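Let us walk through this structure step by step. Keep the sequence and the 3D view side by side as you read.

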Amino acid sequence: MAAFVGYNIGGATTGPAFGPAVGADVLSKSGAAALMSVFFFVGAGTLGQRVVTTLGEDLVTGANVFTLETSIIVLFFIGGALFVGNFAGVPASTSMTAVGSIAGLGVATNTLDWAVMGEIAIWWLVAPIIGFWVSGVVGRYFYSAIDDWVAIDSTEGALFEFDRSGLIPKPVPGPNTTRRELFGGFVVIAIGCLMAFSSGTSNIANAIAPLVALDGVEMTPMILLGSAAVAVGAFTIARRTLDTLGNDITDLPLTAAIVVAVVSSGIVISLSAVGIPASFVIIATMSIVGLGWGRATRTVTVRQGISGEKEPTVSVGALAADEMPEIGEGDASDVPSASDLFNPGTSARVVLMQNVVPILSTVGALVTFTLLFAFVW
């Protein structure tokens, strides 16, 4: 069951990490899966151990709450709910799904540490707000400069090719690849690796925490097991979420994707360092909205906004604007609408499944454990 959860984590998190790179034809799906496997393992083996301790030892406090049987059931609902999201091609919040399933066990057995649960829930509310405001500041004051620095003008042909003249094939720039395009491609791949690392720090606990909580089970072998399962998921079912995040849901500009990735990964890594499981999907979503808000409100000065002299038209579509005015200049009506940026049908499916998946794991675990402890155990 732990391997099944890890498999679905690989499917759910590879898309958010490398969807922009795959969508921009900078990286193949197989290359994305390989990098996801490596950097997830690095994150899991370092900061990820603290999150494992939080979910496996701190969230539920009763003696012998995690038995072999209860761990299997908890992992079943985590993996089953994530599989529903992956099958739909939607990367759900793995942290919310896992915490929900464990919390269901804790409530049913009256062993949930509400202080720890409250701390996690508070950060689930605060972290997206931080992502919104940081991205908003970047969008308002720094986005244009960043865009000039990292923008990629794609040329025909592959970005990289493999030189097979030697004993070991080595990557080389494609025949039409420019130096600027090569630099931009390197940046977006590096950002994906950072996101994969942050995913490992936060999400390895979702697969192995219930087992590590058992007597006699060591953390290191479980990290190896979970990371191997994530790699299998990255090479297989993640192809569906890579299509959704890289092509279907949005035409998010590459610069915007990089800003969102850096802000979101920084927040997730910071929370993992103190043992808090974070929802990368929700933080990234709020970062996208904040970035669009920051760009759209460049048409209004702070004084105009406070006095109400000028009302901005704020939309996420601002990210698609090629030219933006100086702060306080221009007409907000020139900012593209959200419908120019997002595919409404795909976006609605993503929002629906991101809420349904954690609810499935939480309610399923709560009902199952309530019935089992009432009539069996």
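Helices (H or I, at least four residues) and strands (E, at least two) are DSSP runs, numbered from the N terminus. Residues are numbered from 1 along each chain as its sequence is written. This is a predicted model: local features need pLDDT of at least 70, side-chain atom pairs count only at pLDDT 80 or more, totals for chains, interfaces and linings use all residues, and side-chain values use heavy atoms, with hydrogens and water left out.

Begin with the span of residues 122–143. It is 100% helix and 0% strand. Its end C-alpha atoms lie 29 Å apart. Compare residues 32–52. That stretch is 90% helix and 0% strand, with 25 Å between its end C-alpha atoms. Both spans carry the UniProt annotation "transmembrane region", which comes from an unreviewed entry. Such annotations may be inferred rather than shown by experiment; UniProt positions are given in the numbering used here, and feature names are shortened. Other spans under this annotation include 72–90 and 182–199.

Now take the whole chain. The protein chain has 13 helices and two strands. Of its 377 residues, 51% are buried. Buried means under 20% relative accessible area, exposed means over 50%, and partly exposed lies in between (1.4 Å probe, protein chains only). The chain exposes about 16500 Å², and carbon and sulfur atoms supply 65% of that area. Accessible areas come from the Shrake-Rupley method with a 1.4 Å probe; for residues, only the protein chains shown count as cover. Contact means heavy atoms within 4.5 Å. Among contacts between residues at least 6 apart in sequence, 80% join residues at least 24 apart.

Next comes the inside. A nonpolar core is a set of buried Ala, Val, Leu, Ile, Met, Phe, Trp, Tyr and Cys residues joined through side-chain atoms within 4.5 Å. The largest one has 83 residues. Phe18, Val52, Leu59 and Ile208 have the most contacts inside it. Helix H7 (residues 179–212) gives this core its largest share, 14 residues. Look at Phe18. Leaving aside neighbours within four places in sequence, its contacts include Leu27, Leu35, Ile189 and Leu242.

Two helices can be checked by length. The expected span of a helix is 1.5 Å times one less than its number of residues. Among the buried residues of H4 are Ile73, Phe77 and Leu82. Helix H5 (residues 94–108) has 15 residues and reaches 21 Å, close to the 21 Å expected. Because 13 of its 15 residues are buried, H5 is largely enclosed by the rest of the structure.

Follow the chain past H5. Asn110 sits in the loop between H5 and helix H6 (114–150). Is Asn110 buried or exposed? At 72% relative accessibility, Asn110 counts as exposed. Its phi is near 60°, a positive value in a residue other than glycine. Most residues other than glycine have a negative phi.

Finish with a pair of residues. Ser287 is in helix H11 (residues 280–296), and Val263 is in helix H10 (residues 254–273). Ser287 counts as buried because its relative accessibility is 0%. Val263, at 11%, counts as buried too. Not counting residues up to four places away in sequence, Val263 touches Gly131, Val134, Ser135 and Ser287. With the sequence neighbours again left aside, Ser287 is in contact with Gly131, Ser135, Val260, Val263 and Ser264. Val263 and Val138 are 125 residues apart in sequence, yet 9.8 Å apart in space, C-alpha to C-alpha.
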